[in-house]
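Reader: I'm new to looking at protein structures, and I'd like to zoom in on one part. Could you walk me through it slowly?

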Amino acid sequence: MRIDLQALQDAVGGTAAAFRSVTDYQPAGGPGDKVFPPTYEGGKYATEERIDPDTGKTRQCVLLDSVQSQANRMELALLEAQRAGKVSLPLLIARFDQEDLLKKPTVTSLEAPHRIADAIFRDSLLDGVKFPESEIGSLLHVADIRNATGLFGTCPTALVFGLWDSTGPRGGLGAKFQRAIVSEIVGYDAVSGIDTSSRIEPLGIELRAGPVYRTESGDWTLDPDKAEKVKDKPVLYRQGRPSEINHGNVTPDYAYVKGNNRQIEYERRIDERGNEVRVRPRIQGGFTISKATQTTVVSLSALRRLRFPLKGAADSKPDVDVAARTTLAALGLAAGALARNDGDLRSRCQLFATQAPVWELLDRPGETPKQFECDSETSLALLGEAIAEARAMGLPWEGEIALTPSPELVELVRRSQELASASTGEEA
Amino acid sequence: MFALGIRYLNGWAMAAADGARKERAEWPPHPDRVFMALAAAWFETGEDTDEGEALRWLETLPPPAIAASGFTTRTSVTSYVPVNDSSVKRKIPQSSDLPKLKDDGLGVLPEHRSRQARGFPVAIPHDPNVYLVWKEGEVGRHRAGLERLAAKMTHVGHSASFVQAWVTEDGDIDHTWEPTEGVAAHRMRVFSSGRLANLTQAYNRAEVVEHADLKARSDALKGPKTKRMREEKKRLDSVIVERFGTHAPVSLRPVPTRWQGYGRPAEPESPGPSGSVFDPNLIVLALGGRRVPLPSTLKLTQALRGVLMDCCPEQPPPEWFSGHKASGSPTTRPHMALLPLPFVGDRYADGRVMGLALALPRTLNPEEARRCLQTFLLSADTGLPREHRLFDGQWFECQLELESRERPPKNLDVATWTRAARVWASVTPVVLNRHFKGKDRWQQAAESVKDACGHIGLPRPREVLLHPVSMVEGVPHARDFPQMTRKSDGGRQSHSHAVLVFEEPVRGPVTVGAGRFRGFGLCRPMES
């Protein structure tokens, strides 16, 4: 059945521990297509074994999107919904729209790594006052679990995704709110694959066309007279090959993981003699999976810890608390539902949901959980209703709060943009 | 009886077993960790009186038994997390070098923010439900408070490790780990009386926050200000010094205070086949490093003995440990035997030593065994198995660690060496206690081996066959093994492989002959 505001309020006000949604996905290229999970240091993938509860068999699995990455995607999905006018959330925006900048980026509290407590807002100005000293900024210094009203009105996503202001006056004991939503995508029955890399030079430049020399200004030249000289000898541009300036063929080969010194990395194991032996070279070849599963959990017990006293009162009223927690729960459901619309995780890892999203309400252990349908439209409508109810109760809900980055930061950005536009082909 | 049930909502548990290093995942959750999760729920929801009483009552209970399934772990990878302590310098020096710009403040922008390496170890249990069971306790009037507190628990371990907890008094929960006083395979952090007060005191939140707030107010009044502001600042500073002295109050992270050994529940003593004088619960140590062939058994066990003697907290070590009486003469009572566990009994077996086992005398008090062996087996600070280095300078160099895998290799599984069987074949040669002469010397030798079985408490075998080649695949020829020398006159003792056939099945470990405490004469049960 469809979820509505009453059901959500009952869940938040009751004893249920969490909402959970488990959705199955297939690669967009169809079942059996290869997907590329995130690679970690050393070209490793985060693999694991899971036991199937029904058959007791081991299944090889691989992490396709981590908890942190999913949280980032959910915040960006909310930002897109905000920009499309589908939702109206309080948002801090630091705009770099000064005249002399070549590009004018913006950073919002949904994009900043530490949300409202992020360094970028700390160094910005609100109406000419430094943000931590402004009225809104100083809310952070006194915000805690028993008094989350200020944060509710200025950055409610901090209460859902978690926040820790460790750089305020209280140091490590500053405002700390745990996350209330966790989401992860895991691929099942993962079999590793092989990928290749190669390049055909469209201009036909060969190795023999070199050597390439380095000029004084850091550019490249073929003329040894124009090159930078060290002890009367022309300096080569790195190794002197045309490939150093991005020209030439690359021999087709497997896509080996290479270390810092361009040596191929190997999977190693210890053999019975105690020697470390190479088993096989590590190839970044992705995996074929039988299915991917996205598990999202919105913790209602975490939300129930928050209290929202109004207008400086010492205690909060229960119905105000329920209204605020319902809004946050709706925000969590909306974030989870919006994230299910976009399965494009990274290059060659686009997933497509094979079922409509269903949320289970996990109440008493052992009982069958109630099930609710909640797609992104329903969740956004629900969120709108919850916000209206919360505002009617007297809870604050700001709009977009524009911050001006400090002049020093603007100057740094201007210089880095000049550098970026001036440099030509310096990268390897 | 009552139990605290915990369900991991994500299907996995994110908690580190190795403290700050965060490379190994912890499973099952240690009781102290669960107590701290309950305490956190109490602190963060207004410190209700009834719930506080329930917690203080819970502290007084003995360590619980744990019902948790086995688990697998995710490959340990390094994630890079953006930091939040970047800041923009007040004066920007003239530079156009990107790294310099980042240092000066460009690092504040998300795309240039520097990142810190972090680990997030994850354990995936086969069953996401865990129970902490107190078989002897009655929750009584504390049930309501404890239940409310359990419902408020949001996570155990990392904040992403969501849980749902409840209290149950249903009696039929089969626990898989129970507190043991003997030598334990597993050690867990547990809580005891006073833990809640200890946590409150160490965290010291009230003082730290008060000090920080006063300091912030005082710092805000720095610099040229009005006379009234300067006086206010002076007043604040004097209040700070009066309340806290010159040092700021600190907030400390909790430290583990009590460890408890946990073992698998003891199987009921079945009145089954008779066993030897050794306890069939062998302590298995896995060997790593260069391959060590079976003939170097004596040197291996000698090196192990050296390490054990060094690690024994009681010096000089007791009789059952060292095999010597206080006077220095050899003991007549059964003592600890060191046995090699080789890779044998398989088509591809090569006889290399995979591990070593400690066989303790059955009559030994488990409390005493734990006292002498715990420091050798497990590390004091993390409770994880300790790695030892065994080396001889000439023959081998390897690492030794307590075998703690869920499913160890066949030859490191205790059942392979102790299950009941009628036919037993030697994997290291049985050392004969004297030379035999005459035409029937082999029969005499066989009779002496039958007597030797009696020395370790086994019934007399029906038949003993001596042969230089072992019946077990992969075991080297008897001549490849060095001969043991008699301590009294340095004479060499002869040895031979043997097959023992008993009337009735007997349980192991079976190790016979003069070298039985040092690894010679170890027998393996054969399929009958």
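Reader: Across the interface of chain A and chain B, how many residue pairs are in polar contact?

Author: Quick housekeeping before we dig in. This is a predicted model, where local features need pLDDT of at least 70 and side-chain atom pairs count only at pLDDT 80 or more, while totals for chains, interfaces and linings use all residues. Residues are numbered from 1 along each chain as its sequence is written, chains are lettered from A and ligands numbered from 1 in the order in which they are written, and side-chain values use heavy atoms, with hydrogens and water left out.

Now, your answer: the rule finds 24 residue pairs in polar contact across the interface of chain A and chain B, both partners being at pLDDT 80 or more. A polar contact here is a pair of N or O atoms within 3.5 Å; within protein, one must be able to donate a hydrogen and the other to accept it, and residues adjacent in sequence count only if both atoms are side-chain atoms.

Which parts of chain A are involved in touching chain B? Several elements each supply at least two residues of that side, including β1, β3 (47–51), α2 (67–83) and α7. Helices (H or I, at least four residues) and strands (E, at least two) are DSSP runs, numbered from the N terminus. The element that gives the most to the side of chain A touching chain B is α10(A), with seven residues.

Between chain A and chain B the count is five salt bridges, each one a side-chain nitrogen of Lys or Arg within 4 Å of a carboxyl oxygen of Asp or Glu. A:E48, for instance, bridges to B:R74, with the closest N and O atoms 2.3 Å apart.

Zooming out to the whole interface, 61 residues from chain A and 69 residues from chain B take part in the contact, meaning heavy atoms within 4.5 Å. About 5,500 Å² is buried between chain A and chain B, and carbon and sulfur atoms give 57% of that. Buried area is the accessible area (1.4 Å probe) that two parts lose on being put together, summed over both. On the chain A side, A:L173, A:R305 and A:R415 lose the most area to chain B, together 13% of what that side buries.

One last stop, inside chain A. The charged end of A:K176 sits over the ring of A:W164, 4.3 Å from its centre, and A:R278 does likewise with the ring of A:Y266, at 4.1 Å. For that, NZ of Lys or CZ of Arg must be within 6 Å of the ring centre and within 35 degrees of the ring normal.
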